[in-house]
Amino acid sequence: QKFLDSAISAGFGCLFNCAITPADWPLIKSLSEKDSRIVPFFGFHPWFADLADDKSLKLLAEYLAWPSARAGEMGLDRARKNVDFEMQKDVFARQLDLAGQFRRPFVVHCVRAWAETIGLIKKHAPGSKFLMHSFNGSKEVAREIADMGGYFSLSVRQLLKPDDVIRETFMDLPEDRVLVETDFPYQVKWTGAGDYIAAVKQGYQVAAEWKGMPIAEFRRRVYSNGAVFADRAITGQG
């Protein structure tokens, strides 16, 4: 709550609040109800796919029926050895079906599973708006995702401690598909909300320089791109 309050006070016009387990869902819904600038996303992160069962997926459907709801964070993570990969794929597919059923945009986590992730999105949620969280794929993968209607966000850590591949890939991404994320609280050492907000602002500055855009113009572009996910009109809710 302190971070969200500080971010709003610092001028962040809209924040995506993504769940990772069902335990997050009530709080995320409550925060969004209190402040419409907080966009709620409900789902099972692949690290916690083993928490999904018929009962919890039915509950997820109830949350996604809420007009302001979005889906995620969901996806696949081949590096997570303690959660069976086939189980991850099944839970991801079932969440994609729900996102398609309710016409909800969704946020995707993908680590070392691009072929499977892309294939499942094409099969279960074709034509949907989706955002690749902390994107670290190749230019070729990025172009395929862009052709599918996907968007891309880079985290503070990726921007402040980049490698050449990330920088070159980001520079190659379409300007109308890029976003910047905090990935709070996993990216910057927490000593106070002010430190985190300052790091995010620095990340925006770096990203703007990579794109060769004035910072004000880049911030407007990111806000416009993010509005695709915040606008209720695209979900058919008016």
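This is a predicted model: local features need pLDDT of at least 70, side-chain atom pairs count only at pLDDT 80 or more; totals for chains, interfaces and linings use all residues.
Visitor: Where does serine 134 lie?

Guide: Helices (H or I, at least four residues) and strands (E, at least two) are DSSP runs, numbered from the N terminus. Serine 134 is in the loop that runs between strand S5 (130-132) and H6. The phi of serine 134 is near 45°, which is a positive value in a residue other than glycine.

Visitor: Which residues is serine 134 in contact with, leaving aside neighbours within four places in sequence?

Guide: Contact means heavy atoms within 4.5 Å. With those neighbours left aside, serine 134 is in contact with Ser153, Ser155, Gln158, Glu181 and Asp183. A polar contact is a pair of N or O atoms within 3.5 Å; within protein, one must be able to donate a hydrogen and the other to accept it, and residues adjacent in sequence count only if both atoms are side-chain atoms. The side chain of serine 134 makes such a contact with the side chain of histidine 133, at 3.4 Å.

Visitor: Now to helices. Which residues of H6 are buried?

Guide: In H6 the buried residues are Val141, Ala142, Ile145 and Ala146. To see how they are arranged, we use an arc, taken from the directions from the helix axis to the C-beta atoms. The buried residues of H6 fall within an arc of 135° seen down the axis, so they line one face of the helix. Glu140 and Asp147, on the other side of H6, are exposed.

Visitor: What do the buried residues of H6 pack against?

Guide: They pack against H5, S5, strand S6 (150-155) and H8. After H6 comes glycine 149, with a positive phi near 100°.

Visitor: How do helices H5 and H6 pack?

Guide: Two packed helices are described by the angle between their axes and the distance between the axes. The axes are lines fitted to C-alpha atoms, for helices over the stretch in contact, and angles run from 0 to 180 degrees between N-to-C directions. Angles under 35 degrees count as roughly parallel, over 145 as roughly antiparallel, 65 to 115 as roughly perpendicular and the rest as oblique. Helix H5 (residues 114-124) meets helix H6 (residues 139-147) at an angle of about 5°, and their axes are 11 Å apart. H5 and H6 are therefore roughly parallel to each other. Trp114, Ile118 and Lys122 of H5 make the contact with Val141, Glu144 and Ile145 of H6.

Visitor: How many residues of each class does the contact of H5 with H6 have?

Guide: Ala, Val, Leu, Ile, Met, Phe, Trp, Tyr, Cys and Pro count as nonpolar, Asp, Glu, Lys and Arg as charged, and the others, Gly among them, as polar. The contact of H5 with H6 has four nonpolar, no polar and two charged residues.

Visitor: And at what angle do H2 and H3 pack?

Guide: Helix H2 (residues 25-34) and helix H3 (residues 54-64) pack at about 5°, with axes 12 Å apart. That makes H2 roughly parallel to H3. Here Trp25, Pro26 and Lys29 in H2 meet Ser56, Leu59, Leu60 and Tyr63 in H3. By class, there are five nonpolar, one polar and one charged residues in this contact.

Visitor: Which residues are buried in helix H8?

Guide: Ile166, Thr169 and Phe170 are buried in H8 (residues 164-172). They cover an arc of only 100° around the axis, which puts them on the same side of H8. At the start of H8, a side-chain oxygen of aspartate 163 comes to within 3.1 Å of the backbone nitrogen of valine 165.

Visitor: Which peptide bond is cis?

Guide: The bond from glycine 72 to glutamate 73 is cis, with omega near 10°. Glutamate 73 belongs to strand S3 (residues 70-77).

Definitions and conventions: Residues are numbered from 1 along each chain as its sequence is written. Side-chain values use heavy atoms; hydrogens and water are left out. Buried means under 20% relative accessible area, exposed over 50%, partly exposed in between (1.4 Å probe, protein chains only).
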